[in-house]
Amino acid sequence: MEKGARHRNNAEKNHPGGSELEASPDTGSTGGGVALKKEIGLVSACGIIVVLLTWVNCASVRWATRVQDIFTAGKLLALALIIIMGVVQICKGEYFWLEPKNAFENFQEPDIGLIALAFLQGSFAYGGWNFLNYVTEELVDPYKNLPRAIFISIPLVTFVYVFANVAYVTAMSPQELLASNAVAVTFGEKLLGVMAWIMPISVALSTFGGVNGSLFTSSRLFFAGAREGHLPSVLAMIHVKRCTPIPALLFTCISTLLMLVTSDMYTLINYVGFINYLFYGVTIAGQIVLRWKKPDIPRPIKINLLFPIIYLLFWAFLLIFSLWSEPVVCGTGLAIMLTGVPVYFLGVYWQHKPKCFNNFIESLTLVSQKMCVAVYPEMDAGSRTEETNEDTEEQRQPIYQPTASKDKEQPQP
């Protein structure tokens, strides 16, 4: 009882509504100015990091993968330290919030919509499970290494995240977890003493690795979309020497910088989570339809249909109740996604565009190509045996056309 009272008192003392954080009226304006400057500085630092990592990815694929390996190793070491400290805390008897009667205590009325929204936000931490699918063309022996990577990474990430959260509640109450902007940093301040500086550095390493991985994989989505003719064809080009998709990386960088104008991180996570899981569900449903309508097509990687069906049931629960709980946020995310519909009709569906429009896009593509020193992968000298001097109509279309150009058909003798 005394231990529980001590935990509750600490939670109330550290709660954001505590008297120590209440500023006097004459310091309100000063505090607001400081907060604004801090936010501007933070956004500027994030922008610099995004630009720096974009440059690394543009410079070399090997550099990008090395950066990812280093930051991932640093993050896992920090999480291992947190888990070890949590085990030590449990051995000392600090497991008040892990006891069933306290762990399942409700701090507000249960609501099915909020539970679904919690799943949606929590799943953001596990969002990397599908990133490797974006870069299968760059994998060595993908049919063997892709399933192996997924089978290893998902249980590993689940184990690490679950036990890291168990470690957190050995030193922090649920109220303190909610009040903290960086849980690992607060955890380190409580238990590491003079070595608490390790945690902010570890959080920075984790953030670096996450941003680098997103830049690396998301740019390949734009690259593949452009190659299929769904995006401007300049995004399907690679650097002539470095073989990196520089135009797609720059487009990803600009898109990421635009997202920094959203100061509410949780709203942004809801946008991304809702849109991602909407497309995940459509993709999984497409897999089931193809398995039913085209059962004989080659499938190098094949799983039991039970898994996608279970996923679709979970997906339906997640999206329906998230939309019920946060209709404005989810509706805004859906509206952002639907802005691509007119772009599709303008760029892909509308085949016979005016010549002036095509000439303008061709000039714009040529300028972008010169600035990025980029060409189509199919246009490498060694990849084609013969090349005619005159381009076909498909080769001269620089936007929203499949980039796999075709040689002119030779007349039959």
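Me: A nonpolar core is a set of buried Ala, Val, Leu, Ile, Met, Phe, Trp, Tyr and Cys residues joined through side-chain atoms within 4.5 Å, where buried means under 20% relative accessible area, exposed over 50% and partly exposed in between (1.4 Å probe, protein chains only). Which residues have the most contacts inside the largest nonpolar core?

Reply: This is a predicted model, in which local features need pLDDT of at least 70 and side-chain atom pairs count only at pLDDT 80 or more, whereas totals for chains, interfaces and linings use all residues. Residues are numbered from 1 along each chain as its sequence is written, and side-chain values use heavy atoms, with hydrogens and water left out. The largest nonpolar core has 15 residues, and those with the most contacts inside it are L79, I82, Y168, A184, F187, L192 and M199.

Me: Which helices each supply at least two residues of this core?

Reply: Helices (H or I, at least four residues) and strands (E, at least two) are DSSP runs, numbered from the N terminus, and the protein chain has 16 helices and two strands. At least two residues of the core come from each of α3 (61-91), α6 (142-168) and α8 (183-191).

Me: What does Y168 touch, leaving aside its neighbours within four places in sequence?

Reply: Contact here means heavy atoms within 4.5 Å. Y168 is one of the residues with the most contacts inside the largest core, and beyond those sequence neighbours it is in contact with I82, L177, V183, A184 and F187.

Me: How many residues does the second, separate core have?

Reply: This core stands apart from the largest one, and L117, L312, W315 and L319 are included in it. Its number of residues is 13.

Me: At what angle do helix α5 and helix α12 cross?

Reply: Two packed helices are described by the angle between their axes and the distance between the axes. Axes are lines fitted to C-alpha atoms, for helices over the stretch in contact, with angles running from 0 to 180 degrees between N-to-C directions. The axes of α5 (residues 112-122) and α12 (residues 306-325) come within 8 Å, and they cross at roughly 115°.

Me: Is T217 buried or exposed?

Reply: T217 is found in helix α9 (residues 198-227), and, not counting residues up to four places away in sequence, it touches F131, Y134 and V135. With a relative accessible area of 6%, T217 is buried.

Me: How far apart are the C-alpha atoms of L205 and K75?

Reply: L205 is also found in helix α9, and at 25% relative accessibility it counts as partly exposed. Leaving aside neighbours within four places in sequence, L205 is in contact with F71 and G74. L205 and K75 are 130 residues apart along the chain, yet their C-alpha atoms are separated by 6.3 Å.

Me: What is the phi of V373?

Reply: Most residues other than glycine have a negative phi, and most peptide bonds are trans. V373 is found in the loop between α15 (355-372) and β2 (374-375), and counts as partly exposed at 40% relative accessibility. Its phi is positive, in a residue other than glycine, with a value near 50°.
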